[in-house]
Amino acid sequence: TSLGGTIDISSQTNLTAGDALTLNLDDLDFDGGTAPAGALGGTWASPTVDANHAGGFHSIAFTKSTNDSVGDTTLASSSYTFAVGANQVWAVLATFFLNISDLTDGIKWDWTGPASFDGVYGYRLVSHNSGAVETHEQSQDSIAAATDVTVAAVTAQDARLEIWGRFTTGATAGSITFRFAKNTDVGAGDNNIVPGSILVATRQS
């Protein structure tokens, strides 16, 4: 339908109820309200997307520029952690480069999450010593997420831990976190996750 001619709306400042459609001089602005909502946050000038949102799958990938260190046998949260919502499924791939100060101390690790957090994963731990390669592995996705995995000793200070798995959450949101420690505390020094390590988490549902 054509109205024809010219309609002067310059005296109007609000053409609909609320803030959905406003007049800025002679321009009509749609701002969807006073601030973003739903899966959006921030302001309309600088909107953000919530870490967990509907409308498609997405991945979180990050690495660190400093060591994560632990000096005893108490499992400690690393900085490799990511936020999860309720009733979600996540696939995880991680490569942790390790420095183990005392070979006889070995290493242990697990994953923690919110209430009813579950899942399975596999791993491969490879250490290098004068050209020799020592491998510990659980090649099937069969380790319960919260189960401690222990390696009593390694042959070299430098090692690579590769992890792949699938984690699920229940009715509670929170964070999924990789934890690690010494298996025994005989020698001095720390177990370290060194820079260059990477964790990639992909939401599947």
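Predicted model: local features only at pLDDT ≥ 70, side-chain atom pairs only at ≥ 80, totals over all residues.

Trp111 and Tyr121 form an edge-to-face aromatic pair, with 6.5 Å from centre to centre and 75 degrees between the planes. Because Trp111 lies in strand β9 and Tyr121 in strand β10, this pair ties together parts of the chain that are 10 residues apart in sequence. Trp111 counts as buried because its relative accessible area is 0%, under the 20% cut-off, and Tyr121 is likewise buried, with a relative accessible area of 0%.

The count of aromatic pairs comes to 11. One of them joins Trp109 and Tyr123, whose rings are arranged edge-to-face at 5.0 Å centre to centre, with 85 degrees between the planes. This pair links distant parts of the chain, given that Trp109 belongs to strand β9 and Tyr123 to strand β10, 14 residues apart.

## The aromatic cluster

Trp111 and Tyr121 also belong to one aromatic cluster, whose other members are Phe62, Tyr80, Phe96, Phe117, Phe167, Phe178 and Phe180.

## Ser175 and its surroundings

Ser175 is placed in strand β14, which spans residues 174-181, and it is partly exposed, with a relative accessible area of 36%. Leaving aside residues up to four places away in sequence, Ser175 touches Thr81, Phe82, Ala83, Val84, Thr112, Gly113 and Pro114. Between Ser175 and Thr81 there are 94 residues of sequence separation, yet their C-alpha atoms are 6.5 Å apart in space.

## Positive phi in two loops

Most residues other than glycine have a negative phi. Asn87, however, has a positive phi near 55 degrees; this residue lies in the loop between β7 (76-84) and β8 (89-100), and it is exposed, with a relative accessible area of 56%.

Ser116 is another non-glycine residue with a positive phi, in this case of about 70 degrees. Ser116 lies in the loop between β9 (107-112) and β10 (118-129), and its relative accessible area of 60% makes it exposed, because the cut-off for that class is over 50%.

## The chain as a whole

The protein chain contains 16 strands and 0 helices, and 33% of its 205 residues count as buried. Among contacts between residues at least 6 apart in sequence, 74% join residues that are at least 24 apart. The chain exposes about 10,700 Å², of which carbon and sulfur atoms supply 52%.

Definitions and conventions
Residues numbered from 1 in each chain as written. Heavy atoms only, no water. Helix = DSSP H or I, 4+ residues; strand = E, 2+ residues; numbered from the N terminus. Buried < 20%, exposed > 50% of the residue type's maximum accessible area, 1.4 Å probe, protein only. Contact = heavy atoms within 4.5 Å. Areas by Shrake-Rupley, 256 points an atom, 1.4 Å probe, with all protein chains shown as cover. Phe/Tyr/Trp six-rings, centres within 6.5 Å; stacked < 30°, edge-to-face > 60°.
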